[in-house]
Amino acid sequence: MIIIKAKDYQDMSRKAANMISAQIIMKPDCVLGLATGSTPLGIYSQLTDWFRKGDLDFAKVSTVNLDEYRGLPRESKQSYYYFMHENFFRHINIRKDSTIIPNGRDMNISSACEAHEQAIQSLGGVDLQLLGLGYNGHIGFNEPGEAFEKETHCVDLTPCTIDANARFFASREDVPTQAYTMGIKSIMQAGKILIAVSGEDKAEITARAFWGPVTPKVPASILQMHPDVTLIADEAALSLSPVTVKQ
Ligand code: F6R
């Protein structure tokens with residue numbers, strides 16, 4: 001695992017965007033695995049900036065998103081579909097039909113999950129997967145449990161995740177209780193993984209995920225087993241981690 005220490009959120013966003021932009025330059029028709037949440041906002045904004053300056057071209061890029069709430073229509077402002085279009089896709093020259101997000105409107109769990117897996121396979125797999133880290137160690141919506149879930153599946157969100165995501169909804173009661181998410185196997189099959197983490201409130205889980213035992217109780221800990229993982233974290237997020245890392 002490569003660990004890159006950033007000064008703060010902005011520096012983390014820039015460093016992570018640099019890695020994604022290198023991927024696009026090296027392979028213009030690459031497949032990017034994308035995440036939502038607060039962490040990647042700065043990364044998407046930096047990539048948008050470089051696109052506007054003419055330094056990046058998304059015309060041949062495809063994207064696959066990790067997850068989506070089950071039952072939320074695309075038009076809902078809290079859907080991850082809406083998030084991705086508002087915060088990234090509508091600002092760049094990516095083809096709309098090259099952006100794949102689990103279909104939250106499909107209430108049939110097996111058809112929604114199979115469709116997402118098939119879409120990933122038909123693109124030939126993910127070249128670079130961007131991840132954020134949940135407070136409980138989740139990646140995508142793979143919540144702590146007794147075993148690592150494999151492919152795209154439906155999850156019951158934990159109270160911790162519902163609390164964390166309530167900030168995007170009018171009230172906690174409005175947060176959907178289920179989501180579709182790529183599984184650990186689908187994530188681990190990516191050629192490269194980039195996990196971005198920021199903030200003191202992520203310091204404890206960062207130390208447990210990357211320096212603790214590999215266990216499904218901390219889903220992100222499985223990343224220690226991937227051959228090409230880069231953790232880009234700011235000083236605050238690394239403040240409880242026991243190593244000296246590259247600046
Ligand atoms: C969202 C996702 C989640 C988030 C995680 C961290 O697509 O995959 O695993 O990355 O919950 O969220 P933030 O960045 O909001 O702290």
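User: A strand is a DSSP run of E, at least two residues long, and strands are numbered from the N terminus. With that in hand, where does Pro242 lie?

Analyst: Pro242 is in the segment that follows strand E10, which covers 229–234. Keep in mind that this is a predicted model.

User: Is Pro242 buried or exposed?

Analyst: Exposed. Pro242 has 60% relative accessibility, and the cut-off for exposed is over 50%.

User: How far is Pro242 from Lys27?

Analyst: Their C-alpha atoms are 35 Å apart. Along the chain, the two are separated by 215 residues.

User: On to sheets. What is the strand order in the sheet of seven strands?

Analyst: The order is E1-E10-E9-E6-E2-E3-E5. The sheet is open, and the pairing is parallel.

User: Which strands stand at the edges there?

Analyst: Strand E1 (2–6) and strand E5 (99–100). Each has a single partner strand, so one side of each has no neighbour in the sheet.

User: Which helix packs on that sheet?

Analyst: Helix H1, residues 9–26. H1 touches E1, E2 (31–34), E6 (128–131), E9 (192–197) and E10. The direction of H1 makes about 165° with that of E9.

User: Let's zoom in on E3. How is E3 joined to E5?

Analyst: By two bridges, and the strands run parallel. E3 covers residues 62–65. In that pairing, Thr63 stands opposite Thr99 of E5.

User: And how do E2 and E3 pair?

Analyst: In the parallel sense, over four bridges. Here Leu32 is the residue opposite Thr63.

User: Thr63 again! Is Thr63 buried or exposed?

Analyst: Buried. The relative accessible area of Thr63 is 1%, and buried means under 20%.

User: What is Thr63 in contact with?

Analyst: Set aside its neighbours within four places in sequence. Then Thr63 is in contact with Leu32, Leu34, Phe89, Ile94, Ser98, Thr99 and Ile100.

User: New topic. What is the order in the sheet of three strands?

Analyst: E4-E8-E7. This sheet is open too, with antiparallel pairing. E4 (67–69) and E7 (153–156) are at the edges, each with a single partner strand, so one side of each is left without a neighbour in the sheet. From one strand to the next, the twist averages 25°.

User: How many bridges join E7 to E8?

Analyst: Four, with the strands running antiparallel. E8 spans residues 178–181. In that pair, His153 sits opposite Thr181 of E8. Val155 has Ala179 as its bridge partner in E8.

User: And how many join E4 to E8?

Analyst: Three, and they run antiparallel. The partner of Tyr69 in E8 is Ala179. Val155 is bridged to Ala179 as well.

User: Which residues of H3 are buried?

Analyst: Tyr80, Tyr81, Phe83, Met84 and His85. The buried residues of H3 pack against E2, helix H2 (41–52), E3, E4, E5 and H5.

User: Which elements give two or more residues to its lining?

Analyst: E4, helix H3 (80–87) and helix H5 (159–165). The largest share comes from H5, with four residues.

Notes
Residues are numbered from 1 along each chain as its sequence is written. This is a predicted model: local features need pLDDT of at least 70, side-chain atom pairs count only at pLDDT 80 or more; totals for chains, interfaces and linings use all residues. Side-chain values use heavy atoms; hydrogens and water are left out. Two strands pair if DSSP finds at least two bridges between them. Axes are lines fitted to C-alpha atoms, for helices over the stretch in contact, and angles run from 0 to 180 degrees between N-to-C directions. Buried means under 20% relative accessible area, exposed over 50%, partly exposed in between (1.4 Å probe, protein chains only). Contact means heavy atoms within 4.5 Å.
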